[in-house]
Amino acid sequence: VRRGGTALRTASRRPRLSLCGTGDTIFALSSAPGRCGVAVIRASGPGSAGLLRSLTGTPGPPPPRVLALRRIRDPRSAETLDRGLVVWFPGPNSFTGEDCAELHVHGGPAVVSGVLQALGRLPGLRPAEPGEFTRRAFAHGKLDLTAAEGLRDLIAAETEAQRRQALRQMEGDLGRLYQRWSHALTQALAHLEAYIDFSEDDNVEEEVLARVAVTVRALLQEIRGHLRDGRRGELLRGGVRAVIAGPPNVGKSSLLNLLCRRPAAIVSPSAGTTRDVLEVALDIGGYPLLLSDTAGLRRAADPVEREGVRRARERLCQADLVLAVLDATSVSPTPAALGAALAALEPPPGTPCVLVLNKADLLGGATPAQGPPATLLSCKTGEGLEALLELLAQQLAQLCGDPLSGWPSLTQSRHSRHLGACAAALGRFGDLGDSGDLALAAEQLRLARRELGRITGHVGAEDVLDIIFRDFCVGK
Ligand SMILES: Nc1nc2c(ncn2[C@@H]2O[C@H](COP(=O)(O)OP(=O)(O)OP(=O)(O)O)[C@@H](O)[C@H]2O)c(=O)[nH]1
Ligand SMILES: [K+]
Ligand SMILES: [Mg+2]
């Protein structure tokens with residue numbers, strides 16, 4: 001009874017947020033499941049102080065934001081479940097903006113489930129949905145949608161460059177860029193509306209219109225530049241798809257195995273060994289690479305091999321980067337011959353290619369003319385591997401860019417979609433030009449601003465919230 005009463009009092013201190021709805025208190029294991037040194041159980045909502053009192057048997061929560069060593073007990077039986085650290089984060093200075101509590105307990109499965117069960121029996125508490133803590137933080141204005149997406153990417157980041165990009169986005173760099181554009185649009189719109197409303201009173205000068213047009217043109221240019229970044233942010237976030245392609249038996253599967261340092265693909269002296277596409281994920285110099293081995297490209301008689309070649313070509317078409325492998329002993333080393341051999345593979349136009357001349361150990365001293373982006377390699381001896389890795393890292397850096405320099409990258413196709421719509425509206429504004437229909441022009445600015453607001457979640461983003469937060473883990 002006392003607990004319930006306290007929870008109610010805590011709740012009435014602050015107005016409830018309609019976006020969160022129920023005002024109930026959620027809890028979850030925030031660290032990874034399984035046996036570990038320390039497990040972190042987290043709670044958010046008006047019952048957070050109450051649950052700390054119930055589980056530690058103390059009259060009040062510990063001082064805010066200070067770790068306190070406590071005996072953690074089952075409130076029903078008073079049995080000790082563990083001795084651990086508890087933290088109390090009174091809202092609004094917490095991750096979610098609500099009252100929050102954390103329990104750092106020993107990471108044994110029985111300890112964790114004992115504490116979770118005890119929490120589940122407290123009135124007003126329920127297990128959290130995936131991403132619900134972050135969703136509440138968003139609802140309380142603690143972060144915008146781009147920062148929430150950055151946080152999700154940070155948790156998923158597997159390479160250094162991915163981590164840098166995600167951290168930058170989580171810290172609000174991308175959100176601030178979009179906010180700045182949104183402010184510029186709001187201002188232009190205000191000027192235009194003032195002109196529409198008051199120009200007849202001669203209080204607003206003609207040049208206002210010219211200034212609005214200049215602002216919109218500059219903005220359109222910036223947005224188009226941002227959209228034209230070669231998908232570098234998306235590539236870094238999702239991994240660069242690199243495809244190993246070439247004639248049969250040149251050592252494509254050997255190359256995949258060499259790069260991933262395990263016999264992932266079958267290697268054999270018979271041409272046409274590989275049929276299925278085999279994909280491995282690699283970290284090359286901090287950049288993520290999704291590397292595919294494919295069937296040797298030739299006119300195959302065997303129907304199964306023919307299907308393999310079809311799949312190889314299909315995968316080649318989707319490549320962000322091509323690793324074209326040739327047998328160094330069977331191709332003449334002149335640039336023209338190498339170019340012709342590469343063209344015979346029909347790589348997708350405009351896609352960067354790295355030419356790997358394999359089986360260098362069989363060359364017997366003769367070194368063919370080479371230089372980036374062609375490189376000599378022996379999968380058998382490992383000779384030339386360093387140079388190839390360097391060449392790959394260079395290509396990846398070019399494709400993904402440096403996540404810390406320049407503008408923050410566009411990381412989501414969702415952003416490109418809204419930015420594209422925003423740019424289209426700004427373009428229509430420009431097309432209206434001197435036609436004089438100011439009401440139509442203002443409507444285009446409003447449309448453009450709405451699209452920007454949907455990226456950051458400042459306007460009508462309800463429909464994307466479920467999609468964005470669904471991909472979070474429970475406890476975050
Ligand atoms: N001497 C030498 N032999 C190699 C080298 N790389 C691969 N081989 C051999 O070349 C043969 C073909 O290698 P694979 O890796 O199966 O070639 P592939 O291009 O995947 O062949 P398919 O999948 O059939 O198209 C095998 O016998 C390998 O041992 C190399 O650098 N030097
Ligand atoms: K082979
Ligand atoms: Mg193969």
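Modeller: T159 touches D283, G286, Y287 and P288, leaving aside residues up to four places away in sequence; a contact here means that the C-beta atoms, placed from the backbone, lie within 7 Å. This is a predicted model, in which local features need pLDDT of at least 70, side-chain atom pairs count only at pLDDT 80 or more, and totals for chains, interfaces and linings use all residues. Residues are numbered from 1 along each chain as its sequence is written, while chains are lettered from A and ligands numbered from 1 in the order in which they are written.

Biologist: Is T159 buried or exposed?

Modeller: A residue is buried if 20 or more other C-beta atoms lie within 10 Å of its own, exposed if 12 or fewer, and partly exposed in between. Because T159 has 21 other C-beta atoms within 10 Å, this residue is buried.

Biologist: What distance separates the C-alpha atoms of T159 and L282?

Modeller: T159 is found in the loop between α5 (145-156) and α6 (160-170), the helices being DSSP runs of H or I with at least four residues, numbered from the N terminus. Although T159 and L282 are 123 residues apart along the chain, their C-alpha atoms are separated by 9.1 Å.

Biologist: Which helix gives the largest share of the shell around ligand 1?

Modeller: The shell holds 22 residues, with G251, S253, S254, T274 and G296 the closest, and a residue belongs if its C-beta atom, placed from the backbone, lies within 6 Å of the ligand. The largest share, three residues, comes from residues 252-260, which form helix α10.

How values were computed: Helices (H or I, at least four residues) and strands (E, at least two) are DSSP runs, numbered from the N terminus. Two residues are in contact if their C-beta atoms, placed from the backbone, lie within 7 Å.
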